[in-house]
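This report describes selected features of one protein model, from its secondary structure to its packing. Please keep the sequence and the structure in view while reading.

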Amino acid sequence: MEYVLISEKDNVRVCLDNGHKYAVRDIQKGEPIIKYGFPIGVATDDIKCGEQVHSHNLKTALSGTLEYTYTPNYEEAEKQTPPMINAYVRKNGEIGIRNDIWIIPTVGCVNSIAKTIADKTGALCFTHPYGCSQLGDDMQITKKVLCGLVKHPNAGGVLVLGLGCENNNINEFKRVLGEYDADRVKFLNCQDFDDEISQGISTVRELYGNACNDKRVAVPLSRLKIGLKCGGSDGLSGITANPLCGKITDRLVSMGGTAVLTEVPEMFGAEQLLMNRCVDESVFNDTVELINSYKQYFIAHNQPVSENPSPGNKEGGITTLEEKSLGCVQKGGTAPVTAVLNYGDMAEKSGLNLLNGPGNDIVAVTNLTAAGCHLILFTTGRGTPLGAPVPTIKIATNTSIAKRKSNWIDFDAQSNSAQNLFDLIVETVNGKETKNEANAFREIAIFKDGVTL
């Protein structure tokens, strides 16, 4: 078997065949286990050199909220000239890399109607259970996320489908939506029509007619916004796929582009690395608030902040949340952190943006889409069919899963280079279908925390 020592500071090495960790020297009980050059937990027993290090002899060291100090430690990358890509330029100046027609329900009550209209027209509908019987922040998050989807530039046209009596009715929704392109966004209250399906079909066909006039034009790749996500991670995620995405992030940012990293719980244990890359103290303070508020969310629900690695993660070699986080944040490369976004905020500053939200795959890709990401780089060691509303490039951490689930996977990180991935991104931007698009695997889910009436 082949092993790799990631950092000279590490006291474990990783088997490239199974992603699991093995001690490179004797480790005493209570001693930190070091991987990626940083602690990933504490040994619960004496561990002999060569012995496997996993759940039976390693535990997390994470606890509650912490105090942090701003100690900037980053370098601005040398600027690179971006290549040209072909995209649709919208009236507000945003670019889209697709020209699909979307149907967005304001409330879950009209999901079946949305699906029926989509089936009869070829439009894409994104159903969800919310929009009514919600209070406070939950309702505001629902509205903001749906607004981000309605305004997403990858949509050549959008039908906003309401019922008429819901809390998030179309008139209320428009107050949050603000200005919109009336040629691209149409509204339909189902209670207002005797035959809402025929009316919906007619409206979608009108949107198709308008979208047919849209043409791709050459624009610099610096206009691109890429989302970063991992799901079904394994012990190789932080060695192959995530660092490869980090190289893409650094290259994109050096060209003036934007990358968005989410999954806040999967920053726990690695957050100081991100904080040290904040461009100023204001962004640092926002990052501290992001981390501690999410920890407080766990604490308020009487849950440990360290409860994250799934059974699949553990089977793939990940033991603690610190270990998962130190691998996860590598998708952000070494780029400066320029902004912190909340649910429904749009990514407007170039550089690396941090986006509030859980690690849950469907919620995370929805948040990234609503933030304006044109496509998502999604790394996986275990394999997953999940796709976002936008093109979702699935990047396998190992060749085995890439071959076995070739119907899901777009790219094998174990046997390809960052240049190969960059080339695939440009091809995808210019129109090449990802596996999630070819399979029609596109879903959304909206974060919920509070009371349901």
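Helices (H or I, at least four residues) and strands (E, at least two) are DSSP runs, numbered from the N terminus. Ala440 is found in the segment after helix H13 (435-438). The model is predicted, so that local features need pLDDT of at least 70 and side-chain atom pairs count only at pLDDT 80 or more, while totals for chains, interfaces and linings use all residues. Residues are numbered from 1 along each chain as its sequence is written, and side-chain values use heavy atoms, with hydrogens and water left out.

**Positive phi values**

Buried means under 20% relative accessible area, exposed over 50%, and partly exposed in between (1.4 Å probe, protein chains only).

| Residue | Phi | Relative accessibility |
|---|---|---|
| Ser133 | near 60° | 26%, partly exposed |
| Ala440 | about 60° | 60%, exposed |

Ser133 lies in the loop between strand S11 (124-125) and H2.

**His152**

The loop between helix H2 (136-150) and strand S12 (155-162) holds His152, which is buried with a relative accessible area of 0%. Its side chain reaches the backbone oxygen of Cys373 at 2.8 Å. Contact means heavy atoms within 4.5 Å. Not counting residues up to four places away in sequence, His152 touches Trp102, Arg184, Thr369, Gly372, Cys373, His374 and Val390.

**Helices H5 and H12**

Two packed helices are described by the angle between their axes and the distance between the axes. Helix H5 (residues 241-254) packs against helix H12 (residues 418-429) at an angle of about 60°, with the axes 9 Å apart. Axes are lines fitted to C-alpha atoms, for helices over the stretch in contact, and angles run from 0 to 180 degrees between N-to-C directions. From H5, Leu244, Lys247, Ile248 and Arg251 meet Ala418, Gln419, Leu421, Phe422 and Ile425 of H12.

**Cores and helix H9**

A nonpolar core is a set of buried Ala, Val, Leu, Ile, Met, Phe, Trp, Tyr and Cys residues joined through side-chain atoms within 4.5 Å. The largest has 88 residues, and those with the most contacts inside it are Ile33, Phe268, Leu377, Ile395 and Ile425. A second, separate core of 19 residues includes Ile101, Ile103, Ile201 and Val204. Among the residues that Phe268 touches are Leu321, Glu322 and Ser325. Eight of the eight residues of helix H9 (residues 321-328) are buried, so the helix is largely enclosed by the rest of the structure.

Key
Polar contact = N/O pair within 3.5 Å; in protein donor to acceptor, adjacent residues only side chain to side chain.
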